[in-house]
Amino acid sequence: MMRTLTALSFAFLALCTLAPCQAQRFSKPRLEGDLRNDPALEDEFMDWGLGIFVHWSFDSQLGSVISHSMDYASRDYLDRYVNELPKTFNPTQYDPDKWMEIAKLAGAKYMVFTTKHHSGFCMWDTKTTDFNIMNTPYGKDIVGEYVEACRRHGLKVGYYYSPEDFAFHYERDVPARGGVEAGKYHDELVAYTKKHLDELFSNYGEIDVIFLDGGHKGELAQYVHEIAPRCLVTRGEMVTPEQRLPPDPILGPWETCFTLGNQWQYKPTNEDYKSGTRLINMLIETRAKGGNLLINMGPMPSGIVPLEQEERFRELALWMFVNNEAIYDIRPCVVAGDKDVYYTQSKDGKYVYAFLTGLTDDDPNGGTQWGRSARKDVLLKQLKSTPDTQISVLGQEHRMEKFTSRHDIGTRFKQTDAGLEVSAVRAQRLYNNRRWPNAVVLRLENVEFVD
């Protein structure tokens with residue numbers, strides 16, 4: 001039995017209804033109250049595909065995990081952390097326009113910035129505490145500068161906000177986590193965090209998205225809907241797996257977040273960065289399963305994006321410049337694919353995109369990279385051609401009449417019992433050495449999926 005593209009979305013809904021996520025970490029959070037994200041905004045969110053997460057705070061000076069060095073810390077450490085460390089935070093090279101240029105070139109549609117992480121340090125001019133950016137040598141509202149830069153560059157504005165507050169507990173001599181007396185301050189902490197949200201949503205105009213991380217986020221999600229109904233809540237309302245991808249597609253909008261290395265905040269030594277190929281393949285798998293990828297940037301204490309991170313974003317930028325049609329404004333297919341080939345489809349059902357991830361390799365001598373001008377045959381087991389099928393390689397010219405006969409770069413295909421066999425040439429010159437470690441994408445029109 002075959003399914004046409006016009007039926008794919010309905011079939012996907014049925015599939016997800018019959019086979020809900022088995023692992024609890026991929027289930028929708030239990031929601032409080034009656035207020036929810038606007039469905040029209042959620043549908044728009046599913047079009048974006050890629051966002052940039054930014055973890056950055058005053059403790060980036062130490063190269064430590066953001067905030068969590070306060071957990072189980074001695075009183076002496078906490079005294080110096082809260083009272084002394086802010087005195088040396090002076091990111092004079094912070095230029096959010098530079099961040100936006102990198103993010104936009106890489107293909108990001110939105111950015112999510114850590115306004116306050118678990119430490120309690122506020123990166124804006126708050127009236128609620130002295131533990132904020134205005135009481136540093138820098139002395140300027142970083143959140144305000146960030147929001148204005150997002151708007152200048154046409155990126156959706158996102159906040160990360162932590163309802164947990166280790167400095168709030170420090171002031172009451174309660175451990176960051178696990179303190180026996182923490183509960184008696186809960187109502188006071190909730191009221192305090194709501195004052196923060198009042199400032200963040202009244203001082204900077206309309207905000208597009210917020211990621212609530214930890215603590216009483218369910219209650220705060222309701223509060224965000226009350227004071228900013230046009231703002232989408234991701235974590236706190238959507239499925240938001242962290243540092244992992246679901247085994248199967250997830251129904252509706254969802255978002256996964258990943259580090260570029262093994263730490264969220266800047267880590268000057270002992271870091272292990274993902275390759276550009278791995279980053280691209282993570283994006284492909286995320287989109288094939290219906291989600292958005294929120295990939296992290298961890299600026300240096302100066303405000304500069306580390307070269308190693310910028311390099312990965314620029315490798316992603318080249319790939320997205322060629323293939324972004326298959327990433328934006330798409331929906332998952334009835335078959336997500338596997339490690340060798342993943343699929344997405346255009347929202348109107350006109351095209352299916354096949355990402356040939358089985359032909360990617362970080363090792364230039366590994367034998368799987370697709371050399372320029374080389375012809376390869378791939379078998380798409382899940383697809384069947386029709387009399388009107390057309391197939392092309394994204395990014396390169398497919399009108400063969402424009403070339404002489406010696407340039408045999410045409411895409412050919414035939415239907416076999418095993419599936420749709422496609423023969424294609426990677427003709428576009430992207431690297432000098434004629435090698436290409438990243439996925440090639442096929443655009444297929446008028447094809448059907450096989451049950």
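Trainee: Is the crossing of α7 and α8 left-handed or right-handed?
Mentor: The crossing of α7 and α8 is right-handed. Keep in mind that we're looking at a predicted model.

Trainee: Okay, and at what angle do the axes of α7 and α8 cross?
Mentor: They cross at roughly 35 degrees, and the two axes come within 11 Å. Here α7 covers residues 186–202 and α8 covers residues 217–227.

Trainee: Which residues make that contact?
Mentor: From α7 you have Val-190, Thr-193, Lys-194, Leu-197, Asp-198 and Phe-201. On the α8 side, there are Glu-219, Leu-220, Tyr-223, Val-224 and Ile-227.

Trainee: How many of the residues in the contact of α7 with α8 are nonpolar?
Mentor: There are 7 nonpolar ones, along with 1 polar and 3 charged.

Trainee: While we're on α7, is Tyr-192 buried or exposed?
Mentor: Tyr-192, which sits in helix α7, counts as buried because its relative accessibility is 15% and the cut-off for buried is under 20%.

Trainee: What is Tyr-192 in contact with?
Mentor: Setting aside neighbours within four places in sequence, Tyr-192 is in contact with Thr-128, Thr-129, Asp-165 and Phe-168.

Trainee: New topic: where is Thr-126?
Mentor: Thr-126 is in the loop between β3 and α5. Its relative accessible area is 5%, so Thr-126 is buried.

Trainee: Which side chain does the side chain of Thr-126 make a polar contact with?
Mentor: That would be the side chain of Thr-128, at 2.7 Å. Beyond four places in sequence, Thr-126 is also in contact with Asn-132, His-196 and Glu-199.

Trainee: What about Thr-114, which strand is it in?
Mentor: Thr-114 is in strand β3, residues 110–116. Thr-114 is buried, with a relative accessible area of 2%.

Trainee: Which backbone atoms does the side chain of Thr-114 lie close enough to for a polar contact?
Mentor: There are two to look at. A polar atom of the Thr-114 side chain lies 3.1 Å from the backbone oxygen of Val-54, and the side chain also reaches the backbone nitrogen of Trp-56 at 3.2 Å. Leaving out residues up to four places away in sequence, Thr-114 touches Val-54, His-55, Trp-56, Met-123 and Tyr-160.

Trainee: Now the inside. How many residues does the largest nonpolar core have?
Mentor: It has 112 residues. Among those with the most contacts inside it are Met-111, Trp-319 and Leu-380. In soluble globular proteins, nonpolar side chains tend to be buried together.

Trainee: What does Leu-380 touch?
Mentor: Not counting residues up to four places away in sequence, Leu-380 touches Val-341, Tyr-343, Ala-354, Leu-356, Gly-419, Leu-420, Val-422, Leu-442 and Leu-444. There's also a second, separate core of 14 residues, which includes Leu-41, Val-209, Cys-257 and Leu-294.

Trainee: Where does Leu-41 lie?
Mentor: Leu-41 lies in helix α2, residues 39–48, and is buried, with a relative accessible area of 10%. Leu-41 touches Arg-230 and Leu-232, not counting residues up to four places away in sequence. The C-alpha atoms of Leu-41 and Cys-231 are separated by 8.5 Å, although these residues are 190 apart along the chain.

Conventions: Residues numbered from 1 in each chain as written. Predicted model: local features only at pLDDT ≥ 70, side-chain atom pairs only at ≥ 80, totals over all residues. Heavy atoms only, no water. Core = buried A, V, L, I, M, F, W, Y, C linked by side-chain atoms within 4.5 Å. Buried < 20%, exposed > 50% of the residue type's maximum accessible area, 1.4 Å probe, protein only. Contact = heavy atoms within 4.5 Å. Helix = DSSP H or I, 4+ residues; strand = E, 2+ residues; numbered from the N terminus. Polar contact = N/O pair within 3.5 Å; in protein donor to acceptor, adjacent residues only side chain to side chain. Axes fitted to C-alpha atoms, helices over the stretch in contact; angles between N-to-C directions. Left-handed = near helix turned anticlockwise from the far one by under 90°. Nonpolar A, V, L, I, M, F, W, Y, C, P; charged D, E, K, R; others polar.
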